[in-house]
Amino acid sequence: QGSVDCPNLEFEYGDADGHGAELAELYSYTEEPELSHNRRCFEEDFHTQVPGRRWLELDRAQQKAYVMRLLDGLEVVNRDKRLRVARAILYLAQGVFGDCDNEGDVLHWSRHNSFLLYQLGTFSAFLELLNMEIENSQACSSALRKPAISLADSTELRVLLSVMYLLVENIRVEQETDPPEWKTCRETFRMELSFPVHAEEPFALLLFTMVTKFCSGHAPHFPMKKVLLLLWKVLLFTLGGFEALQAMKVRRREELGLPPLPEDSIQVVRGMRAASPPTCAIELVEQQQQQQQQQQQKRAHRSRRPLMKQDSLDIYNERDPFKNDEGGVDEEENDDVDSGIEGELDLMEREAMVPAMPAQRPPIERVSFPKGLPWAPKVRQKDIEHFLEASRNKFIGFTLGQDTETLIGLPRPIHESVKTLKQHKYVSISDVQIKNEEELEKCPMSLGEEEVQETPCEVLYRAMLYNLPQYMIALLKILLAAAPTSKAKTDSINILADVLPEEMPITVLQSMKLGIDVNRHKEIIVKSISALLLLLLKHFKLNHIYQFEYVSQHLVFANCIPLILKFFNQNIMSYITAKNSISVLDYPHCTVCDLPELTAESLEAGDNNQFCWRNLFSCINLLRILNKLTKWKHSRTMMLVVFKSAPILKRALKVKPAMMQLYVLKLLKIQTKYLGRQWRKRNMKTMSAIYQKVRHRMNDDWAYGN
């Protein structure tokens, strides 16, 4: 039911969703008729060339010969003929679904054909066509003159980008059954995308340029969703996903002679459990008694709700009957009473909760206390220096600068403390990079130039550097336009050019379908931007800390912090359980199954998934970006305080995957000391959740500092 108190969600975070889901998100539902159009273009040509045969029956040599013929057809001058050939190639990349019986076959042939197409040089042929299409000033000017832009304005671009996306996505995803030639093919493709041979810049830069051109208003017909999805997948393929990044980090620490990481953060987060208190038997008995009383009295007072909850993260403190006598609550604490939607959800949930209580498992199983804390504490060199400076001032009356070895004149307990701090000292790769930079600045002549490794990340950064502020502003502009909390303003950019059909809907059913399509379209845009920004930040930070700082600085200048907070200032539970998809229309299902008659009821029902994977993925990515921007930055932490982020973040704690809670708690931890004693007193359970889940810094006074 869209219950407010979210159950534990079986969510597995990763680089991307399942392979089929990622391919399905490439297409809007309004593009569905084009699938059969692609098939027609292919079959008309194929049957004249190879009469009486099916694609699946040809041997490899015949398939190659046919694809070579198709690629020759891309060279013709006539635009329409070129488009027909491109559609035939797209049909091959889509998995010749006309000859397949089930979805598995479609995906299998889509992969098989993608490798074949790449080996015969399809990608570079389409890259040339894409460059021509981007420079096509005629299409730009006709799109600028139109009052309303629709799918028809971006037909060529959508076909080209779809083929490129299918090649990148099918080749990127590894499977155990892949033959060795596919593995070498994958590496070649990765190198080709990372280190351009003919072009001066990597392929990702061309896509970034498309994004800025679109945002500047010069090319409103660019299909932005496809561009952003392709850009994200190209970065994921060339730079590497989160696990590859972790392995690179371990390798880099070894090269620099640093001790290994205390733990693998990906594994720690996977093993975490969402915060729910250990309930003891007596509490359950009390709850059942209270519920019986409530059923007798039939009272719908909101204040009774906490009595039947077991949620540890005092989200409902504001309604706690025992706290009502406290008097003046600051206005920002009324964070749950601000929308009528929540009230309705409360009632729904109360109905759902009452019958469900007696059927609970015996409480003895539920009692599980945390065995130790999940993270090893860390201490920075700076923390040891500050501690010694304070101690020397107190006991000796003078300081010794950065000397952390001399402990003469300090009492025994201080010696013990310094020893413990040094045991947990953590030197990051960033610390080493900053130190190297300082040394290079001191002696530029004797040390000479630094040797920089030509990694894909370095090549990309060098290419992006010149226009980096524009790229960040453009991405955030599109993110703002796609955020569900954004009101439609006249000056905001139109991101729906590649989803609106030529004829607007006339029936209720058509407009419902378009409404779902538009919402899904926006969600996919948010997903791709949040994922690609996080990837960029993480890779630049590993490559060089100053690259990361420069990108972060421009994100902050472009108002990224208030933008993400604005995104979370909505009913996050309903965003995560949103049903903006029509599973029968998803590729590859719609290509091999007969479509049932769509009705308003079937559209409203949606799928039976507990939550929407892409929305939860987007939320976690945005929280991680916010953490990256604010960590160790006092002025940015103060922005979180000034923008009253605490109630917004506390609402986000309702969502149960432990991973999402962890990043929310980190953001609350850095600002607790600025929120005052009253806030901490009222939110003790949030404080204890922070204590249990977030890494400790040994002499950090987050919980009690003023």
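Leaving aside neighbours within four places in sequence, M464 is in contact (heavy atoms within 4.5 Å) with L205, F208, Y471, M472, L536 and F540. A second, separate core of 8 residues includes I384, L388, L410 and L421; a nonpolar core is a set of buried Ala, Val, Leu, Ile, Met, Phe, Trp, Tyr and Cys residues joined through side-chain atoms within 4.5 Å. The largest such core has 177 residues, and M464 is among those with the most contacts inside it, together with W55, F203, I478, F568 and M660. Helix α22 gives the most to this core, with 14 residues.

The model is predicted: local features need pLDDT of at least 70, side-chain atom pairs count only at pLDDT 80 or more, and totals for chains, interfaces and linings use all residues. Residues are numbered from 1 along each chain as its sequence is written, and side-chain values use heavy atoms, with hydrogens and water left out.

For the protein chain as a whole, the secondary structure comes to 33 helices and 0 strands; helices (H or I, at least four residues) and strands (E, at least two) are DSSP runs, numbered from the N terminus. Of the 706 residues, 52% are buried, where buried means under 20% relative accessible area, exposed over 50%, and partly exposed in between (1.4 Å probe, protein chains only). Among contacts with a separation of 6 or more, 79% link residues 24 or more positions apart.

Helix α22 spans residues 508-543 and holds N543. This residue, N543, is buried, with a relative accessible area of 12%. Its side chain is joined to that of T455 by a polar contact of 3.4 Å; such a contact is a pair of N or O atoms within 3.5 Å, and within protein one must be able to donate a hydrogen and the other to accept it, while residues adjacent in sequence count only if both atoms are side-chain atoms. Beyond four places in sequence, N543 touches R252, Q433, T455, C457 and E458.

Helix α30 (residues 645-652) is largely enclosed by the rest of the structure, because 8 of its 8 residues are buried. Among them are S645, P647, K650 and R651.

The average pLDDT (the predictor's confidence in each residue, from 0 to 100) is 85, and 84% of the residues score at least 70. Over residues 298-370, however, pLDDT stays under 50. Where pLDDT is low, the predicted coordinates should not be read in detail.
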